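Reader: I am new to this structure and would like to learn how to read its features. Please take me through them one at a time.

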Amino acid sequence: QVQLVESGGGLVQAGGSLRLSCSASGTFNRSNTMGWYRQAPGKQRELVATLTSGGSTNYADSVKGRFTISRDSAKNAVYLQMNSLEPEDTAVYYCHARWLRLGRRSEYWGQGTQVTVSS
């Protein structure tokens with residue numbers, strides 16, 4: 001069973017930085033995608049950034065140039081460096097992992113970590 005655990009959230013002033021970490025336990029498929037999603041109060045969960053095991057990235061337009069996703073594939077860990085934070089970035093951030101193996105899709109979520117950006 002795969003488990004994802006996030007850390008690094010907190011309260012920061014606008015313009016500040018935070019680094020989120022996600023550590024994973026369990027068996028991962030060699031080809032996989034890890035990433036971060038977020039959900040603000042009253043809004044749907046949305047993609048922030050993803051990074052495949054092959055190195056391809058995808059960012060939401062709202063975070064391009066400010067956030068950087070990285071991973072340590074040996075540890076099945078993924079990180080999100082968030083710079084120039086804005087109040088609109090306030091949300092619960094969730095770590096996510098998924099892969100497709102022998103036609104079966106597997107998907108896992110962390111419990112979430114709160115990020116609050118004050119103006």
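Reader: Is Asn76 buried or exposed?

Author: Keep in mind that this is a predicted model. A residue counts as buried when its relative accessible area is under 20%. Asn76 has a relative accessible area of 17%, so Asn76 is buried.

Reader: Where does Asn76 lie?

Author: Asn76 is in the loop between strand S7 (67-72) and strand S8 (77-82). The backbone there is worth a look: phi of Asn76 is positive, about 50°, although Asn76 is not a glycine.

Reader: Which value does phi take at Ser84?

Author: Ser84 is not a glycine, yet its phi is positive, about 50°. Ser84 sits in the loop between S8 and S9. With a relative accessible area of 41%, Ser84 is partly exposed.

Reader: How many helices and strands are there in the protein?

Author: The protein has 0 helices and 11 strands. Read from the N terminus on, the elements therefore run β-β-β-β-β-β-β-β-β-β-β.

Reader: What share of the residues is buried?

Author: Buried residues are 44% of the 119 residues in the protein.

Reader: How many aromatic pairs does the structure hold?

Author: The structure holds 4 aromatic pairs. To read a pair, look at the distance between the ring centres and the angle between the planes. For Phe28 and Trp99 the ring centres are 4.9 Å apart and the planes stand at 45°, so this pair is tilted. Phe28 is in the loop between strand S3 (18-25) and strand S4 (33-39), and Trp99 is in strand S9 (residues 91-101), so the pair ties together parts that are 71 residues apart in sequence. Both Phe28 and Trp99 are buried.

Reader: What is the geometry of the pair formed by Tyr37 and Trp109?

Author: Tyr37 and Trp109 are edge-to-face, with 5.1 Å centre to centre and 70° between the planes. This pair also links distant parts of the chain: Tyr37 belongs to strand S4 and Trp109 to strand S10 (residues 104-109), 72 residues apart. Tyr37 is buried, with a relative accessible area of 15%, while Trp109 has 34% and counts as partly exposed.

Reader: Which residues do ring pairs link into a cluster?

Author: Phe28, Trp99 and Tyr108 are linked into a cluster by ring pairs.

Reader: Which residues are in contact with Gln39, leaving aside its neighbours within four places in sequence?

Author: Those residues are Gln44, Arg45, Ala91, Val92 and Tyr94. Gln39 itself is in strand S4, and its relative accessibility of 27% makes Gln39 partly exposed.

Reader: How far apart are the mean positions of the positive and negative charges?

Author: The protein has 13 positive and 8 negative charges, and their mean positions are 10 Å apart.

How values were computed:
Residues numbered from 1 in each chain as written. Predicted model: local features only at pLDDT ≥ 70, side-chain atom pairs only at ≥ 80, totals over all residues. Heavy atoms only, no water. Helix = DSSP H or I, 4+ residues; strand = E, 2+ residues; numbered from the N terminus. Buried < 20%, exposed > 50% of the residue type's maximum accessible area, 1.4 Å probe, protein only. Lys, Arg positive; Asp, Glu negative; His and termini not counted. Charge placed at Lys NZ, Arg CZ, Asp CG, Glu CD. Phe/Tyr/Trp six-rings, centres within 6.5 Å; stacked < 30°, edge-to-face > 60°. Contact = heavy atoms within 4.5 Å.
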